[in-house]
Amino acid sequence: MQRSKSIFWHAGKVTRADRSRLNGHGSCALWFTGLSGSGKSTLAVEVERRLHSRRVHTYILDGDNLRHGLSRGLGFTPEDRKENMRRTGEAAKLFVDAGIMTLVTLISPYRSEREMVRSLVGTDSFVEIYVRCPLEECERRDPKGLYKRARSNEISEFTGISAPYEEPEKPELEIDTSRLDLRQSADRVLDYLAGKGWLGV
């Protein structure tokens, strides 16, 4: 889509660095990717809880929640998934610029689209977290009953069953939730953020 020649970017006078100094911490997009049932949302909620206890400003952009509003009307075709990624990436970029530690939980199955969002948000502000879990374990958990429905052909284009999931090749973090418990998994994320200096400015 071609951008109108009558639309211009209007810059403000408060920068992201200004907001970080005011908040006392940095900001980035923590992008949790993985199969349905791998534990993305559970992990993000625990990480947010622990960040909040440290007085870090946070917000979770959950894939299911976004489809109630921002991405309402989009399906699960490759084209709709791509548009969902773009919208979520644009929202994450704004939150990060606002100085908020932004946690995104989205299956985001395609490498090219995750790299598109990385470019959009900025390489230095994008943390790809691969929440690894074997398909068999995800199916055993099946917290929403989606795998059962997919196996019965009630759901088409379901990632891991009738649609592909392309594993990250070089994620900033890889967390295997079939081997690590919730506390250990959250520790990994908090340790990474502390190591980057984002928890204190």
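## Helix H5 and its neighbours

Strand E1 (29-33), helix H4 (78-97) and strand E4 (126-132) are the elements against which the buried residues of H5 pack. Contact means heavy atoms within 4.5 Å. Helices (H or I, at least four residues) and strands (E, at least two) are DSSP runs, numbered from the N terminus.

The model is predicted: local features need pLDDT of at least 70, side-chain atom pairs count only at pLDDT 80 or more, and totals for chains, interfaces and linings use all residues. Residues are numbered from 1 along each chain as its sequence is written, and side-chain values use heavy atoms, with hydrogens and water left out.

H5 spans residues 111-121, and Glu 113, Arg 114, Val 117, Arg 118 and Val 121 are buried in it. Buried means under 20% relative accessible area, exposed over 50%, partly exposed in between (1.4 Å probe, protein chains only). Down the axis of H5, these buried residues fall within an arc of 150°, so they line one face of the helix. The arc is that of the directions from the helix axis to the C-beta atoms. Ser 112 and Ser 119 are exposed on the face turned away from the buried side.

## After H5

Gly 122 follows H5 with a positive phi, near 115°. Ser 125 sits in the loop between H5 and E4. Ser 125 is buried, at 6% relative accessible area. Not counting residues up to four places away in sequence, Ser 125 touches Arg 16, Cys 28, Ala 29 and Val 96.

Most residues other than glycine have a negative phi. Arg 55 is not a glycine, yet its phi is positive, about 70°. Arg 55 lies in the loop between helix H2 (40-53) and strand E2 (58-62), and is exposed at 71% relative accessibility.

Asp 142 also has a positive phi, near 35°. Asp 142 is in the loop between helix H6 (135-141) and helix H7 (146-151), and is buried, with a relative accessible area of 16%.
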